[in-house]
Amino acid sequence: MAFRERKAVVTGAARGIGRAATERLVREGVDVLAVDVDGRRLQDVAGPGCAIFEADLADEAQRAKLS
């Protein structure tokens, strides 16, 4: 895929489809902001190309921190 020089935000990034999408995008060279309530579950994908933002996006105050 041609994802070079792209950026993505993945919510629900610690499990299921969100986790699979995060891992795939990172492998493809996309800079990813992985957002999940449980950021500890994302530590193994964190690093160059993947930043973690631990937040409950159902909470307005936590959503505001994302922007």
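Entry 1, contacts along the chain. Of the contacts in the protein chain with a separation of 6 or more, what share comes from residues 24 or more positions apart? I find that such residues account for 30% of them, and I note beside this figure that the model is a predicted one.

Entry 2, overall layout. I counted 2 helices and 3 strands in the protein chain, and reading along the sequence I wrote down the pattern β-α-β-β-α. The radius of gyration is 11 Å, close to the 11 Å that the globule rule gives for 67 residues, so I regard the chain as being as compact as a globular protein of that length. For the C-alpha trace I noted a span of about 35 × 20 × 20 Å along the principal axes.

Entry 3, the sheet. I looked up the strand order and found an open sheet of 3 strands, arranged β1-β2-β3 with parallel pairing. Because β1 (7-11) and β3 (50-54) stand at the edges and have a single partner strand each, one side of each is left without a neighbour in the sheet. Neighbouring strands of this sheet are turned against each other by 20 degrees on average, with direction ignored. Looking at one pair in detail, I saw that β2 (residues 31-36) pairs with β3 in the parallel sense over 5 bridges, and that leucine 33 has alanine 51 in β3 as its bridge partner. As a reminder to myself, strands of a sheet pair through backbone hydrogen bonds, either parallel or antiparallel.

I then followed helix α1 (residues 16-27), which lies across β1, β2 and β3 and runs at about 160 degrees to β1.

Which residues make up the largest nonpolar core? I listed 11 residues in all, namely Ala8, Val10, Ala13, Ala14, Leu25, Val30, Val32, Ala34, Leu42, Val45 and Cys50, and I noted that β1 and β2 each supply at least two residues of this core. I picked out alanine 13 from that list and, leaving aside its neighbours within four places in sequence, found it in contact with Gly18, Arg19, Thr22, Ala34, Val35, Asp36 and Leu42, of which Ala34 and Leu42 are also on the core list.

Of the 67 residues of the protein chain, 30% count as buried. The chain exposes about 4,500 Å², and carbon and sulfur atoms supply 52% of that area.

Terms used: Residues are numbered from 1 along each chain as its sequence is written. This is a predicted model: local features need pLDDT of at least 70, side-chain atom pairs count only at pLDDT 80 or more; totals for chains, interfaces and linings use all residues. Side-chain values use heavy atoms; hydrogens and water are left out. Two strands pair if DSSP finds at least two bridges between them. Helices (H or I, at least four residues) and strands (E, at least two) are DSSP runs, numbered from the N terminus. Axes are lines fitted to C-alpha atoms, for helices over the stretch in contact, and angles run from 0 to 180 degrees between N-to-C directions. Contact means heavy atoms within 4.5 Å. The radius of gyration is taken over C-alpha atoms; the globule rule is 2.2 Å times the number of residues to the power 0.38. Buried means under 20% relative accessible area, exposed over 50%, partly exposed in between (1.4 Å probe, protein chains only). Accessible areas come from the Shrake-Rupley method with a 1.4 Å probe; for residues, only the protein chains shown count as cover. A nonpolar core is a set of buried Ala, Val, Leu, Ile, Met, Phe, Trp, Tyr and Cys residues joined through side-chain atoms within 4.5 Å.
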